[in-house]
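Open the model in your viewer and keep the sequence panel beside it, so that each selection can be followed in both places. The tour goes from the whole chain to single residues and pairs.

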Amino acid sequence: MRALYKIIHANSLTKFGRVEQRIVDEDCWMSEQGHKIAIISPVHSPLYQKAKRCEFSVYPVSFKKRNTLNEFRKLIDIFNNEQPYAVHAHGYQGSYMTLKAARNASVSCRVLNIHKKEQVTGSLFVKKSLSGLSHYVFSGSE
């Protein structure tokens with residue numbers, strides 16, 4: 001089966017909750033449809049371990065502030081090497097760096113998914129992510 005799209009999901013959280021389970025479920029489904037999937041996550045996170053067991057390509061990135069410049073360069077290298085069609089960043093933490101690196105690597109489709117029910121306000125992060133870093137923003141809010 002040929003791969004239709006190469007999709008990279010990035011999540012900086014080290015816990016495993018509903019969001020991370022949904023990422024795994026969606027990625028398994030997309031993989032069954034022929035898409036090539038990769039996950040960027042902290043190496044000790046349950047998402048990283050589950051993605052590895054599902055035989056997805058996995059890339060360890062800690063998303064810690066003290067490593068920002070090195071990790072930003074690492075993300076650009078990942079995107080340049082993988083040449084994904086889409087990068088899908090989840091949540092606030094780490095998304096700005098992920099989407100900015102994806103833009104610098106000329107990724108065709110950049111998606112931000114904010115997993116909260118409250119209304120997404122006009123915060124500086126959201127304004128920056130909406131103005132050129134992501135093509136689409138999804139949220140649970142109205």
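Two residues are said to be in contact here when heavy atoms of theirs lie within 4.5 Å. Keep in mind as well that what you are looking at is a predicted model.

**The whole chain**

Begin by colouring the protein chain by secondary structure, which will show five helices and six strands. If you follow the chain from the N terminus on, the elements run β-α-β-α-β-α-β-α-β-α-β. Of the 142 residues of the chain, 44% count as buried, and the chain exposes about 8,100 Å², of which carbon and sulfur atoms supply 51%. Among the contacts between residues at least 6 apart in sequence, 56% join residues that are at least 24 apart.

**Helix H1**

Next, select residues 18-32, which make up helix H1. With 15 residues at 1.5 Å a residue, H1 should span 21 Å, and this agrees with its end C-alpha atoms, which are 21 Å apart.

Which residues of H1 are buried? Show the side chains of Glu20, Ile23, Val24, Asp27 and Met30, for these are the buried ones in this helix. They cover an arc of only 135 degrees around the axis, and therefore they sit on the same side of H1.

What do the buried residues of H1 pack against? Their partners are strand S1 (6-11), strand S2 (36-41), helix H2 (46-53) and strand S4. Just after H1, select glycine 34, which takes a positive phi of about 105 degrees.

**Methionine 30**

Stay in H1 and select methionine 30, which counts as buried because its relative accessibility is 14%, below the 20% under which a residue is called buried. Leaving aside residues up to four places away in sequence, methionine 30 touches Ile7, His9, His35 and Ile37. If you draw a distance from methionine 30 to tyrosine 5, C-alpha to C-alpha, it will read 9.2 Å, although the two residues are 25 apart in sequence.

**Helix H2**

Move on to helix H2 and show Leu47, Tyr48 and Ala51, which are buried. Seen down the axis of H2, these buried residues fall within an arc of 100 degrees, so they line one face of the helix. They pack against S1, H1, S2 and strand S3 (57-60). Just after H2, glutamate 55 takes a positive phi of about 65 degrees.

**Two loop residues**

Select phenylalanine 63 in the loop between S3 and H3, and then glutamine 83 in the loop between H3 and S4. Phenylalanine 63 has a phi near 60 degrees, a positive value in a residue other than glycine, and for glutamine 83 phi is likewise positive, near 50 degrees. Is each of them buried or exposed? Phenylalanine 63 counts as buried at 7% relative accessibility, whereas glutamine 83, at 55%, counts as exposed.

**Salt bridges**

Side chains of opposite charge can pair when their charged atoms come close. How many salt bridges does a search of the whole structure find? The search finds two.

For one of them, select glutamate 82 and lysine 6, whose closest N and O atoms are 3.3 Å apart. Because glutamate 82 lies in helix H3 and lysine 6 in strand S1, this pair ties together parts that are 76 residues apart in sequence. Glutamate 82 is buried, with a relative accessible area of 11%, while lysine 6 counts as partly exposed at 22%.

**A patch on the surface**

Finally, switch to a surface view and select Leu4, Tyr5 and Tyr85, which form a nonpolar patch with about 290 Å² of accessible area together. Tyrosine 85 belongs to the loop between helix H3 (68-82) and strand S4 (86-90), and at 39% relative accessibility it counts as partly exposed.

Conventions: Residues are numbered from 1 along each chain as its sequence is written. This is a predicted model: local features need pLDDT of at least 70, side-chain atom pairs count only at pLDDT 80 or more; totals for chains, interfaces and linings use all residues. Side-chain values use heavy atoms; hydrogens and water are left out. Patches are made of residues with over 30% relative accessible area and no salt bridge: like charges are joined within 9 Å, nonpolar side chains (Val, Leu, Ile, Met, Phe, Trp, Tyr) within 5 Å. Accessible areas come from the Shrake-Rupley method with a 1.4 Å probe; for residues, only the protein chains shown count as cover. A salt bridge is a side-chain nitrogen of Lys or Arg within 4 Å of a carboxyl oxygen of Asp or Glu. Helices (H or I, at least four residues) and strands (E, at least two) are DSSP runs, numbered from the N terminus. Buried means under 20% relative accessible area, exposed over 50%, partly exposed in between (1.4 Å probe, protein chains only). The expected span of a helix is 1.5 Å times one less than its number of residues. The arc is that of the directions from the helix axis to the C-beta atoms.
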